[in-house]
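Keep the sequence and the 3D view open while reading.

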Amino acid sequence: MKPNETFKVEPSGDREIIMTRVFDAPRELVFDALTKPEFVQQWLLGPPGWSMPVCQIDLRVGGSYRYVWRNEDGREMGMGGKYTDVVRPERIVHTERFDEAWYAGESLNTWVLTERASRTTLAVTMRYETRATRDEVLDSGMESGVATSYDRLDKILEEMSTQVAE
Amino acid sequence: MVAGRLSFTFAALSDPTRRAIVERLTSGPATVNELAEPFTISQQAVSKHIAYLEMANLIERQWQGRQNFCALKPETIREVADWADGYRHCWEKSFQRLDVLLTEMKKKAAAEPQTTRRGGKSASRKKK
């Protein structure tokens with residue numbers, strides 16, 4: 001797998017992050033996978049150990065959504081917002097706010113799907129309230145300084161988390 | 001925020017000797033002597049590394065009788081683990097799952113073309 005070829009996360013302007021990813025499927029399918037709870041619960045899980053017991057989606061302008069993730073160790077994380085634009089199968093705009101804020105305020109996320117030759121490019125633009133917040137979010141997993149020792153660190157962390165879980 | 005707070009921790013982990021010490025401690029507390037054993041460097045040098053790890057909040061010292069043990073600090077480890085599962089990594093894992101799901105969805109759609117929702121062509125015909 002070469003994640004860098006199909007997956008990009010980059011800053012844009014003052015307050016935005018743009019994330020792009022190509023999927024080998026037509027956009028109708030991708031749109032379904034992004035917006036139907038029975039599908040979302042299968043993939044929007046982040047790192048191993050998490051499940052999504054709560055996934056409510058009212059996909060219409062003014063409708064809201066709510067996600068709650070649960071870790072094997074009992075931790076929970078909730079998030080939600082409102083849809084401000086929905087154009088099937090090409091565009092979704094919604095607000096995003098975490099119950100336990102790990103960044104200040106909320107963000108406005110725009111999902112755009114474009115299809116070419118049965119492949120879909122997903123571009124997600126996340127706009128934060130301030131530049132500082134945007135930078136914090138970018139910083140929270142993208143520091144390149146440690147990337148070199150990442151594999152090693154991953155292994156260590158795996159061992160540690162087994163220990164910590166006890 | 002977290003990354004900023006942890007930058008000293010990551011600096012501490014950027015050194016191979018210190019990582020080896022941390023790795024050793026994942027199997028339980030150890031004395032400085034025990035930690036120094038596998039290394040060719042002086043015990044004094046190992047002590048410096050340990051002090052660094054202590055400042056970075058990764059380990060703590062505990063006295064047990066007359067012996068001084070080093071042990072990992074689970075809170076910091078948890079923070080590091082959460083960070084490593086951070087933004088990009090988080091999405092990457094999710095998108096890899098989405099790839100798998102889409103492959104399944106495509107197979108299903110191909111198996112029953114009749115019941116598939118409107119495809120690209122019929123959709124555009126419907127418009128206006």
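## Two helices in chain B

H2(B) and H4(B) are roughly perpendicular to each other, because angles of 65 to 115 degrees are classed that way, under 35 as roughly parallel, over 145 as roughly antiparallel and the rest as oblique. Helix H2 covers residues 16-25 of chain B and helix H4 residues 43-55; they pack at about 75°, with axes 10 Å apart. Axes are lines fitted to C-alpha atoms, for helices over the stretch in contact, and angles run from 0 to 180 degrees between N-to-C directions. Helices (H or I, at least four residues) and strands (E, at least two) are DSSP runs, numbered from the N terminus.

B:Thr17, B:Arg18, B:Ile21 and B:Val22 of H2(B) meet B:His49, B:Ile50, B:Tyr52 and B:Leu53 of H4(B). Contact requires C-beta atoms, placed from the backbone, within 7 Å. By class, this contact has five nonpolar, two polar and one charged residues. Ala, Val, Leu, Ile, Met, Phe, Trp, Tyr, Cys and Pro count as nonpolar, Asp, Glu, Lys and Arg as charged, and the others, Gly among them, as polar.

## About the model

This is a predicted model: local features need pLDDT of at least 70, side-chain atom pairs count only at pLDDT 80 or more, and totals for chains, interfaces and linings use all residues. Residues are numbered from 1 along each chain as its sequence is written, while chains are lettered from A and ligands numbered from 1 in the order in which they are written.

## Strands in chain B

S2(B) (residues 59-64) and S3(B) pair in the antiparallel sense over six bridges. Pairing here requires at least two DSSP bridges between two strands. B:Gln62 has B:Phe69 in S3(B) as its bridge partner. Two residues lie between the strands of this hairpin, and B:Gly65 takes a positive phi near 65°.

S1(B) (residues 30-31) also pairs with S3(B) (residues 67-72), in the antiparallel sense over two bridges. B:Ala30 has B:Cys70 as its partner in S3(B).

## The sheet of chain A

Chain A has five helices and eight strands. An open sheet of eight strands runs in the order S1-S2-S8-S7-S6-S5-S4-S3, with antiparallel pairing. Its edge strands are S1 (7-12) and S3 (50-57), each pairing on one side only. Neighbouring strands are turned by 20° against each other on average, direction ignored.

S2(A) and S8(A) pair in the antiparallel sense over eight bridges. A:Met19 stands opposite A:Val124 in S8(A). H2(A) packs on the sheet, touching S2, S3, S6, S7 and S8 of chain A. H6(B) packs on the sheet too, touching S1 and S2 of chain A.

## Where the chains meet

H2(A) (residues 27-35) and H6(B) (residues 87-111) have axes that come within 10 Å and cross at roughly 125°. The two helices are therefore oblique to each other. A:Leu29, A:Val30 and A:Ala33 in H2(A) meet residues of H6(B) including B:Leu98, B:Leu101 and B:Met105.

How many residues of H2(A) are buried? Eight of its nine are, where buried means 20 or more other C-beta atoms within 10 Å of a residue's own, the C-beta atoms being placed from the backbone. Among them are A:Arg27, A:Phe31 and A:Leu34. The buried residues of H2(A) pack against S2, H3, S7 and S8 of chain A together with H6 of chain B.

Definitions and conventions. Contact = placed C-beta atoms within 7 Å. Buried ≥ 20, exposed ≤ 12 C-beta atoms within 10 Å, placed from the backbone.
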